[in-house]
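Here is a short report on one chain. It covers salt bridges, domains and nonpolar cores.

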Amino acid sequence: MTMSDAQAPRDDDIENRTFDEIQIGDSASIHKRLTLEDIKLFAIMSGDINPAHVDEDYAKSSRFQEVIAHGMWGGALISTVLGTELPGPGTIYVGQSLRFLAPVRLGDVLTVSVKVRDKDARSSRITFDCRCANQKGESVIEGEAEVVAPREKVRRRRTVMPQLRLAERGHLHELLNAAEHTDPLTMAVVHPVDEVSIKGAWEAASKGFIIPLLVGPEARIRAAAEAAEIDIDGFELIATQHSHAAAEQAVALVREGRANALMKGALHTEELLQAVVSRNSGLRTGRRLSHVMAFDVPTYPRPLFITDAAINIAPGLEVKRDIVQNAIELAHAVDIELPKVALLSAVETINPRLASTLDAAALCKMAERGQISGGLLDGPLAFDNAISEDAARTKGIDSTVAGRADILVAPDLEAANMLMKQLTHLADASGAGLVMGAQVPIVLTSRADDAITRLASCALALLVARHQRQAEPT
């Protein structure tokens, strides 16, 4: 007799085997590869943050010399087999004993098997031999499990679980890793007279990213270091009377070739940039200064650069050209060979009453004529069309940039600043920023910046300085 389609099992069904159907010697198994995400999710769920599992530096000095899985991660996989395969739905776990024979390392593929050893009809209990073996066939876990097997048949549609995304700083960590393989950058740290700025310089120096030149009032710098409980005796300190003199002296250090980058300390941004743009003694180039943020957005598959949220309030067309070129240069420094640049507006069509759409169209034509180089430009694009391929497809936008933007160019400072802060506070994004367009990269720090943001900003400066050296004619 043939089962009807309504009764026939579907591929997305989960079905048990009852006590009466199960025979001694029956077995079932699953296969699972261990990933770093598995380890982190298990640590979050269990609260077990043993550094052997979650701290790569510590793990290198441990017995196994690398990160390994939690032992009970394998135990949980045995539960998966019992609860979903044999016996399946309706199973009640009664007991489990395990012996951990070898570590499970990243990339290992486990075959997790259970085999019926004994049945007790009076209690409906079944005893299973359990084994987890790696891809080499080596046993890593062995033991036994006792369950109460279901007496009634159960078949249910397999529940589709939500996808989890870990809000990690993967792109920022990539910047840090890239910078670790480059010689440190001599950086003039301007007026680091509070705990945040002096500690930021110290952390970057400890990581090997910078050789700091501390410029400012000596007594205040040393007091800040003492308050931050850090040792700066190995750093060169260049004393000045006040913040204004510190900015001028730091710029002079760059002009003399003693420093290759600047970092803002506890002074106003305008005070530092006034010294930078001085016509007689500054660090001007042929371009306007602009600020670029390199964001790591957990829901976006690539680094996202946003400009300009800090310097140019209402830029005209010529200034926007420089803003775009500066952002492209920063993208090149982190090995994005042909960055996709989205010129943002409220709409994706040109409207003579909306100046940002006219500027976007003009900038695209300037790129076609070689006035902007090194990137692919498109605009105007609304924000959703710039970062979502689905949104761009719905609007019928056929573009190599739409939905895949690397750089977002906002129409003015207000829009860029709001976009940046919305990503930070609503999307759990984190960013590192630089001022581009001067002779050297400039790190603008904030009291609200966390350690990885400060480090990543210094790493960005290091990569930009390296890129600029490589681009210099020989």
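## Salt bridges, domains and cores

Arg 117 and Asp 129 form a salt bridge, with their closest N and O atoms 2.9 Å apart. A salt bridge here is a side-chain nitrogen of Lys or Arg within 4 Å of a carboxyl oxygen of Asp or Glu. The pair links distant parts of the chain: Arg 117 sits in strand E4 (residues 109-120) and Asp 129 in strand E5 (residues 125-133), 12 residues apart. Helices (H or I, at least four residues) and strands (E, at least two) are DSSP runs, numbered from the N terminus.

This is a predicted model, in which local features need pLDDT of at least 70 and side-chain atom pairs count only at pLDDT 80 or more, while totals for chains, interfaces and linings use all residues. Residues are numbered from 1 along each chain as its sequence is written, and side-chain values use heavy atoms, leaving out hydrogens and water.

The structure holds 26 salt bridges. Among them is the pair Arg 155 and Asp 13, at 3.7 Å between the closest N and O atoms. Arg 155 belongs to strand E7 (residues 155-157) and Asp 13 to strand E1 (residues 13-15), so this bridge ties together parts 142 residues apart in sequence.

Asp 406 and Arg 302 also meet through their side chains, at 4.0 Å from N to O. Asp 406 lies in the loop between helix H13 (389-394) and strand E16 (407-409), and Arg 302 in the loop between strand E12 (290-296) and strand E13 (304-307), so the pair joins parts 104 residues apart in sequence.

The table gives relative accessible areas. Buried means under 20%, exposed over 50%, and partly exposed in between (1.4 Å probe, protein chains only).

| Residue | Relative accessible area | Class |
|---|---|---|
| Arg 155 | 32% | partly exposed |
| Asp 13 | 8% | buried |
| Arg 117 | 40% | partly exposed |
| Asp 129 | 32% | partly exposed |
| Asp 406 | 7% | buried |
| Arg 302 | 22% | partly exposed |

The domain assignment, automatic or from a database, gives domain 1 (14-157) and domain 2 (170-471). Their centres, taken over C-alpha atoms, are 48 Å apart.

The largest nonpolar core has 61 residues. Such a core is a set of buried Ala, Val, Leu, Ile, Met, Phe, Trp, Tyr and Cys residues joined through side-chain atoms within 4.5 Å. Met 187, Ile 198, Phe 305, Leu 343 and Leu 377 have the most contacts inside the largest core. Helix H15 (residues 451-471) gives the most to this core, with 11 residues. Apart from it lies another core of 30 residues, including Leu 77 and Ile 126.
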